[in-house]
Amino acid sequence: MPLTKRIIPCLDVKNGRVVKGLHFMSIKDAGDPVLLAKKYSDDGADELIFLDITASEEQREIIKTLVTKVAQVIDIPFTVGGGVKTLQHARDILLSGADKVAINTGAVKNPKILTELMELFGKQCVVVAIDAKRNYNTEKGKNIFSEGDQKFWFEVFIYGGKKETGLDAIEWAKKVENLGAGEILLTSIDKDGTKDGYDIILTKGIVNSVPIPVIASGGCGKEDHMLQVFKETDVDAALAASIFHYETHAVDKVKQYLKENSIPVRL
Amino acid sequence: MVKVAIFDYGAGNIFSLKNSLEKNNATVDIITSFDKANNYSGILLPGVGNFDPAIRSIRDYSKIDFQDYVQDKIPVLGICLGMEMFFEKSEEGNEKGLGVMEGEVIILPKTMKVPHMGWNNIKIKKQSKILEGIKDSSWVYFVHSFIARPKKEEVVKAESDYGINIPAVVEKVNFFGTQFHPEKSGKIGSVMINNFLSECKK
């Protein structure tokens with residue numbers, strides 16, 4: 001049996017509370033990240049990812065307390081990301097009990113933070129989050145992909161998908177791997193929120209360019225989308241948020257479905 | 001209550017290991033050197049950090065040598081890097097290992113994705129105290145870039161398949177090692193932690 005494909009629920013946390021619509025009959029307070037983490041862990045999630053979307057720096061202490069509380073109730077790995085820009089901030093998260101820290105804008109602005117983190121904590125703690133978007137303005141020197149008669153390259157965006165960088169996502173992925181990233185959390189901006197399925201072309205492009213594990217994210221609206229991304233690419237893990245927010249798509253049911261369709265999962 | 005100590009090399013998350021031990025009713029101290037008389041029933045070498053700095057933190061700040069500290073009676077559980085340190089040397093660094101098991105630690109071949117990260121199952125080869133009550137093919141969580149190459153096959157109690165055979169559980173007298181992270185391996189991992197604590201009680 002090879003390594004299983006990992007199914008990873010993602011929780012957006014703001015000021016210590018989970019935001020976005022959650023619809024659980026079994027949990028009275030669906031905004032409590034600790035209760036949700038426990039539920040997902042009990043349901044068979046392979047890992048969890050928390051993205052802290054708290055705006056102000058002063059509120060950042062909250063995330064440390066939260067990380068510790070979550071670590072107390074689960075016994076699976078978890079990653080914390082969102083707004084991590086300094087070594088100190090990343091350190092705080094890891095020493096509070098997280099297993100990995102995800103960095104996006106912070107890595108683009110200051111790539112050497114990845115090497116510093118790797119040297120301190122090891123490669124396996126360093127996740128680089130890449131938010132990529134198709135750019136149809138094809139330039140020389142970019143990795144060009146096509147779908148139908150459209151040609152495009154994948155551009156890295158920062159600040160929560162708001163600002164373009166001019167960086168080619170494929171080249172950026174290779175660079176972060178060299179600098180010390182142990183894993184890539186890859187989000188398609190085009191697909192995010194569409195519930196239309198993962199960006200297969202993007203996922204394949206990155207997975208085939210780097211020797212480290214990649215997590216596909218953005219666009220998952222049903223279990224078939226997970227099946228598709230695992231069948232059509234060599235991606236290691238699939239992240240989803242909204243589908244797990246309803247009891248009908250509990251993690252164990254999604255994994256059962258994948259297993260029935262010959263995807264190796266832990267059940 | 002059984003009292004154990006986690007050796008902290010100063011690098012990263014030992015929180016979940018402490019938590020897992022406490023959930024299994026142990027009292028846990030965090031120590032950074034071996035210099036007081038050993039009144040612990042068990043010692044844990046956790047799985048975060050880098051080979052050379054971790055070896056140095058054990059060797060350089062302690063008045064008592066590791067092997068004299070635990071002798072052949074205090075159970076020691078080495079997790080991931082902690083298990084790798086049991087061997088004589090590692091391709092991750094230049095320092096000599098603890099040398100309680102013969103063999104070396106090598107980097108995973110580049111033919112597979114490195115790190116080996118995620119849930120894989122273990123093939124139980126021989127009886128082991130750590131594996132009591134664990135079914136063959138149970139899922140455990142791995143995250144590592146190096147693997148042990150023990151000189152003596154009999155120390156390997158369970159293996160995992162990642163294109164090549166990975167020694168997943170090793171055991172020799174009072175030394176127990178897991179390449180995976182029991183503290184991150186759900187209920188299965190908790191059973192193993194509990195098995196180790198039972199050894200500590202003896």
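Which residue, with a positive phi, follows α1(B)? Asn25(B) follows α1(B), and its phi is near 70°. The model is predicted: local features need pLDDT of at least 70 and side-chain atom pairs count only at pLDDT 80 or more, while totals for chains, interfaces and linings use all residues. Residues are numbered from 1 along each chain as its sequence is written, chains are lettered from A and ligands numbered from 1 in the order in which they are written, and side-chain values use heavy atoms, with hydrogens and water left out.

**View 1. Chain B as a whole.** Chain B holds five helices and 12 strands; helices (H or I, at least four residues) and strands (E, at least two) are DSSP runs, numbered from the N terminus. The C-alpha trace spans about 45 × 40 × 30 Å along its principal axes. Of the 202 residues of chain B, 62% are buried, where buried means under 20% relative accessible area, exposed over 50% and partly exposed in between (1.4 Å probe, protein chains only).

**View 2. Helix α1 of chain B and its cover.** Helix α1 comprises residues 15-23, and its buried residues are Ser16(B), Leu17(B), Asn19(B), Ser20(B) and Leu21(B). The cover over these residues includes α2 (60-73) of chain A. From chain B, it includes the strands β1 (2-7), β2 (26-31), β3 (42-45) and β4 (76-79), along with helix α5 (186-201).

**View 3. The open sheet β5-β6-β9 of chain B.** Three strands form this open sheet in the order β5-β6-β9, with mixed pairing; two strands pair if DSSP finds at least two bridges between them. Strands β5 (89-90) and β9 (146-150) of chain B each have a single partner strand and stand at the edges, so one side of each is left without a neighbour in the sheet. Strand β6 (residues 103-107) of chain B runs antiparallel to β9(B), and five bridges join them. Ile107(B) has Phe146(B) in β9(B) as its bridge partner.

**View 4. Strands β7 and β8 of chain B.** Strand β7 (residues 116-124) of chain B pairs with β8(B) in the antiparallel sense over six bridges. Opposite Val140(B) in β8(B) stands Asn120(B). Strand β8 (residues 139-144) of chain B is mostly covered, with six of its six residues buried. Trp139(B), Tyr141(B) and Val143(B) lie on one side of β8(B), and Val140(B), Phe142(B) and His144(B) on the other; both faces are covered.

How values were computed. Contact means heavy atoms within 4.5 Å.
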